[in-house]
Amino acid sequence: VEQWPVAERGWAEVGQAYTIELFWSVSEPTDAEYQFYLALVDDGTRIAGMDRAIGTVSYPPTPTDTWQPDQIYSEIVSVRMPFDAPLARSGFILLGVYRQDADGTIVNVPMTAPNQQPNLALQTLAVYDRAYLPEPSNDLTAADIVFGEQIRLTGYDISQEAVRLSWQAVSDIPMDYALFVHVEDEDGEQIPTNDQPPVPGLNTSNWMPGWPLASTVNLPDLEPGS
């Protein structure tokens, strides 16, 4: 939906809302009033989220204990990105279901299909704040090399220990790409380093166009030679 660009592009700015429409049903009548959470989680920490009884965001409210079997119920929910969110990191948008016992104890309802897991990872998402746009590194050799019309290498520096790189997204990047740095000796033999995202901790599908990014690739110990 044009008015809800966050989920489509994989990144959001602080103050923006991640908005999604959920469709639910029950296979048989239930007396339980099931609840759900929609949350942005980064490295096990909940950055933003909402908890509500399923069906009560819609109008009129229709909690699960009033549902008819196999009828589809829908509701539109939003989670706003907080201003203190960690910036330029790939977190997960998680959806989970739970209920409360009579004594108030929370009982998680794990997924059973398509596989057993505690919640559903809808996608990865990164948060940005244009008010704190990083200054591009000025101690690198300037470059203007574009990969796939999407990823721009803006600078680099090479030492015996590491390769330092600076990046920028030209446009929204729909896929997650990996970076490789290989050292080739005078005999044409390649000494590879570990393949990794161009910026560790941030998937390329979560880059905001124009945001300066930097990364370092450590090089292996090398024998003397060319």
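Which residue stands opposite leucine 40 in strand 4? Select leucine 40, then alanine 48: alanine 48 in strand 4 is the residue opposite. Strands here are DSSP E runs of at least two residues, and helices are H or I runs of at least four, both numbered from the N terminus.

Before moving on, note the ground rules. This is a predicted model, where local features need pLDDT of at least 70 and side-chain atom pairs count only at pLDDT 80 or more, while totals for chains, interfaces and linings use all residues. Residues are numbered from 1 along each chain as its sequence is written, and side-chain values use heavy atoms, with hydrogens and water left out.

**The hairpin.** Select residues 35–42 and 45–53. These are strand 3 and strand 4, paired in the antiparallel sense over 8 bridges. Two strands pair if DSSP finds at least two bridges between them. The two strands form a hairpin with 2 residues between them. Pick aspartate 43 in the turn: its phi is positive, about 55°.

**The whole protein.** Zoom out. The secondary structure comes to 1 helix and 14 strands. The radius of gyration is 23 Å, well over the 17 Å that the globule rule gives for 226 residues, so the protein is more spread out than a compact globule. The radius is taken over C-alpha atoms, and the rule is 2.2 Å times the number of residues to the power 0.38. Along the principal axes, the C-alpha atoms fill a box of roughly 75 × 35 × 30 Å. Buried residues make up 38% of the 226. Buried means under 20% relative accessible area, exposed over 50%, and partly exposed in between (1.4 Å probe, protein chains only).

**The cores.** Select Tyr18, Phe36, Leu38 and Met81. Of the 25 residues in the largest nonpolar core, these touch the most other members. A nonpolar core is a set of buried Ala, Val, Leu, Ile, Met, Phe, Trp, Tyr and Cys residues joined through side-chain atoms within 4.5 Å. Strand 2 (17–24) gives the largest share of this core, 4 residues. Apart from this core lies another, of 21 residues, among them Val163, Leu165, Trp211 and Val217.

Return to tyrosine 18. Beyond its neighbours within four places in sequence, its contacts (heavy atoms within 4.5 Å) include Val6, Leu38, Met81 and Leu125.

**Glutamine 150.** Go to the loop between strand 9 (141–147) and strand 10 (151–158), where glutamine 150 lies. At 16% relative accessibility, glutamine 150 counts as buried.

Select histidine 182, in strand 12 (residues 182–184). Histidine 182 is partly exposed, at 33% relative accessible area. Its side chain makes a polar contact with the side chain of glutamine 190 at 3.0 Å. A polar contact is a pair of N or O atoms within 3.5 Å; within protein, one must be able to donate a hydrogen and the other to accept it, and residues adjacent in sequence count only if both atoms are side-chain atoms.

Next, pick threonine 193, in the loop between strand 13 (190–192) and strand 14 (213–218). Is threonine 193 buried or exposed? It is buried, with a relative accessible area of 12%. The side chain of threonine 193 reaches the backbone oxygen of valine 181 at 2.8 Å. Threonine 193 also touches residues including His182, Val217 and Pro220. Finish with a distance: the C-alpha atoms of histidine 182 and proline 220 are separated by 10.0 Å.
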